[in-house]
Amino acid sequence: MVCLSLPVQQEQLIDTNIMTRSIISNFILFQLGWFACVLGGANDQVVIGTLIATAVIANHLYRAHDRSKETVFLLLALIIGLIFESLVTALGLAVYSHGQVFDSIAPIWIILMWPLFATTLNVSMRWLKRMPTLAVAAIGAAFAPFAYYAGNRLGAVVYDDLLLSMCIIAIAWGLLFPLLVVMSSKLDGYMSTTFKHDQQERPQHV
């Protein structure tokens with residue numbers, strides 16, 4: 001019997017390092033894309049913001065282990081974002097500084113922020129999958145309005161009735177955020193031994 005404990009430990013350490021780098025880079029790239037979209041929308045640089053966000057999303061799909069699943073997930077997030085943001089726009093709750101082509105349809109930069117955010121759900125924010133649905137809903141309802149308010153403060157969007165708009169956003173995200181997390185579990189293109197939480201024990205002896 002030859003003990004292989006040390007190589008297995010080294011392999012686990014390598015897996016942990018890879019996972020840590022992936023989580024950090026995923027979070028940083030999401031932040032880069034978010035600021036690019038918001039600042040682009042605020043400063044009439046929508047094309048630049050859109051291109052940066054698209055590049056971040058494309059890089060995410062390129063790195064996915066199962067690109068077909070991850071692509072479907074991001075497309076569904078895009079559709080949800082298109083419907084929700086355009087509904088808010090059509091109701092006159094949000095007025096955008098730049099990038100709006102049609103009066104009843106939200107600008108592409110804010111619609112792209114939905115698949116952009118979805119890139120985190122199977123990587124840096126996959127821990128949400130272990131949380132109860134009500135807790136996920138509470139997180140969405142509590143924190144989503146802050147992101148929209150930040151966009152308002154940066155000059156990308158104006159809300160005529162700020163309190164009403166934030167309440168609607170909180171309710172919507174309380175409902176949609178758990179849906180996104182469930183979808184990310186069903187369409188997880190990053191599920192691998194690196195990200196599995198319930199890994200099977202690897203043989204340590206031969």
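1. Asp188 forms a salt bridge with Arg126, and their closest N and O atoms are 2.7 Å apart. Asp188 belongs to the segment after helix 6 and Arg126 to the loop between helix 4 and helix 5, so this pair ties together parts that are 62 residues apart in sequence. Both Asp188 and Arg126 are buried. The model is a predicted one, and every value in this note is to be read with that in mind.

2. Lys129 forms a salt bridge with Asp188, with 3.0 Å between the closest N and O atoms. This pair, too, links distant parts of the chain: Lys129 sits in the loop between helix 4 and helix 5, Asp188 in the segment after helix 6, and 59 residues separate them. In general terms, side chains of opposite charge can pair when their charged atoms come close.

3. Are the residues of the second pair buried or exposed? Asp188 has a relative accessible area of 7%, which is under 20%, so Asp188 is buried.

4. How many salt bridges does a search of the whole structure find? The search finds two. Arg126, Lys129 and Asp188 are linked in a network of salt bridges.

5. On the overall fold, the protein chain has six helices and two strands. Read along the sequence, these elements follow the pattern α-α-α-β-α-α-β-α. Of the 206 residues in the protein chain, 44% are buried. Among contacts with a separation of 6 or more, 76% are between residues 24 or more positions apart. The accessible surface of the protein chain is about 11,400 Å², and carbon and sulfur atoms account for 69% of that surface.

6. The largest pocket has a volume of about 600 Å³. Its lining consists of 25 residues, and those nearest the centre of the pocket are Phe30, Trp34, Phe117, Ala144 and Ala147. By class, the lining residues of the largest pocket divide into 21 nonpolar, three polar and one charged.

7. Which helix gives the most to the lining of the largest pocket? Helix 5 does, with seven residues. Helix 5 covers residues 133–153. At least two lining residues come from each of helix 1 (5–42), helix 4 (108–118), helix 5 and helix 6 (162–186).

8. Leu163 is a residue to look at in helix 6. The relative accessibility of Leu163 is 64%, and since exposed means over 50%, Leu163 counts as exposed. Leu163 and Pro145 are 18 residues apart in sequence, and their C-alpha atoms are 10.0 Å apart in space.

9. One backbone angle should be noted. Asp44 has a positive phi of about 55°, although Asp44 is not a glycine. Where is Asp44 placed? Asp44 is in the loop between helix 1 and helix 2, the latter covering residues 46–63.

Note on methods:
Residues are numbered from 1 along each chain as its sequence is written. This is a predicted model: local features need pLDDT of at least 70, side-chain atom pairs count only at pLDDT 80 or more; totals for chains, interfaces and linings use all residues. Side-chain values use heavy atoms; hydrogens and water are left out. On a 1 Å grid over the protein atoms alone, a cavity is a set of points where a 1.4 Å probe fits but cannot get out, and a pocket is an open set with protein on both sides within 12 Å along at least five of seven lines; lining residues have an atom within 4 Å of a point. Grid points are joined across faces, edges and corners, and a volume is the space filled by probe spheres set on the points. Helices (H or I, at least four residues) and strands (E, at least two) are DSSP runs, numbered from the N terminus. Ala, Val, Leu, Ile, Met, Phe, Trp, Tyr, Cys and Pro count as nonpolar, Asp, Glu, Lys and Arg as charged, and the others, Gly among them, as polar. Buried means under 20% relative accessible area, exposed over 50%, partly exposed in between (1.4 Å probe, protein chains only). A salt bridge is a side-chain nitrogen of Lys or Arg within 4 Å of a carboxyl oxygen of Asp or Glu. Contact means heavy atoms within 4.5 Å. Accessible areas come from the Shrake-Rupley method with a 1.4 Å probe; for residues, only the protein chains shown count as cover.
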